[in-house]
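Have the structure open as you read.

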Amino acid sequence: MKLWLLRHGEAVSHARTDAERELTRHGRKEVLQAAAHLAGRPLPTILCSPYVRARQTAELLEAFLDGAPKRVVVDWLTPDSDPRQALDRLAERGEEEFLLASHQPFLGALAGLLVYGHLQDPLPMQTASLAELDGELPLAGAMYLRALHHPGHRP
């Protein structure tokens, strides 16, 4: 299984609610830079947070990637979601490869849990950082970090 973790791009600092914050122009550029690392990948599914900035991130990926991956909005990918509960949701997925578009601190904690087996060493995820993990199953400590791309670093 290959799992991609993408933090949303830069978002406006204020909105009526945190969930309504939209990507900035710079944030959109960051996401497209991250998408370049995914060019040519057989990515059938993008799971994204219901927050506007994560949905916009997933929409940009959909438009960029060949094969038009299916975007699925799920409520367990918010900034405050529990990475341990997310492991159960990931184990239910049947795809060999998919991407999560979400937020910090959730994504960093999830990556740390998948790679190191605990929550004490979260992966540093800037806006539009993209982590590539793989392993047999999405279990605590059972996946390997293959790459971590930060905005501004081209493939």
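Two strands count as paired here if DSSP finds at least two bridges between them. With that in hand, keep in mind that this is a predicted model. What order do the strands of the open sheet take? Running across it, you get β3-β2-β4-β1-β5-β6, 6 strands with mixed pairing.

**The sheet**
- β3 (70-73) and β6 (144-149) sit at the edges with a single partner strand each, so one side of each has no neighbour in the sheet.
- On average, neighbouring strands are turned by 20 degrees against each other, if you ignore direction.
- Strands of a sheet pair through backbone hydrogen bonds, and they can do that either parallel or antiparallel.
- Looking across to β6, you'll find L145 opposite L133.

**Helix α3, buried or exposed?**
- In α3 (residues 83-91), the buried residues are P83, A86, L87 and L90.
- Those residues span an arc of only 115 degrees around the axis, which means they lie on the same side of α3.
- An α-helix has 3.6 residues a turn, so residues three or four places apart point the same way.
- R84, Q85 and D88 are exposed on the other side of α3.
- The cover over the buried residues of α3 includes β1 (2-7), β4 (97-102) and α4 (106-116).

**Where α3 starts**
- A side-chain oxygen of D82 comes to within 2.8 Å of the backbone nitrogen of R84 at the start of α3.

Note on methods:
Residues are numbered from 1 along each chain as its sequence is written. This is a predicted model: local features need pLDDT of at least 70, side-chain atom pairs count only at pLDDT 80 or more; totals for chains, interfaces and linings use all residues. Side-chain values use heavy atoms; hydrogens and water are left out. Helices (H or I, at least four residues) and strands (E, at least two) are DSSP runs, numbered from the N terminus. Axes are lines fitted to C-alpha atoms, for helices over the stretch in contact, and angles run from 0 to 180 degrees between N-to-C directions. Buried means under 20% relative accessible area, exposed over 50%, partly exposed in between (1.4 Å probe, protein chains only). The arc is that of the directions from the helix axis to the C-beta atoms. Contact means heavy atoms within 4.5 Å. A polar contact is a pair of N or O atoms within 3.5 Å; within protein, one must be able to donate a hydrogen and the other to accept it, and residues adjacent in sequence count only if both atoms are side-chain atoms.
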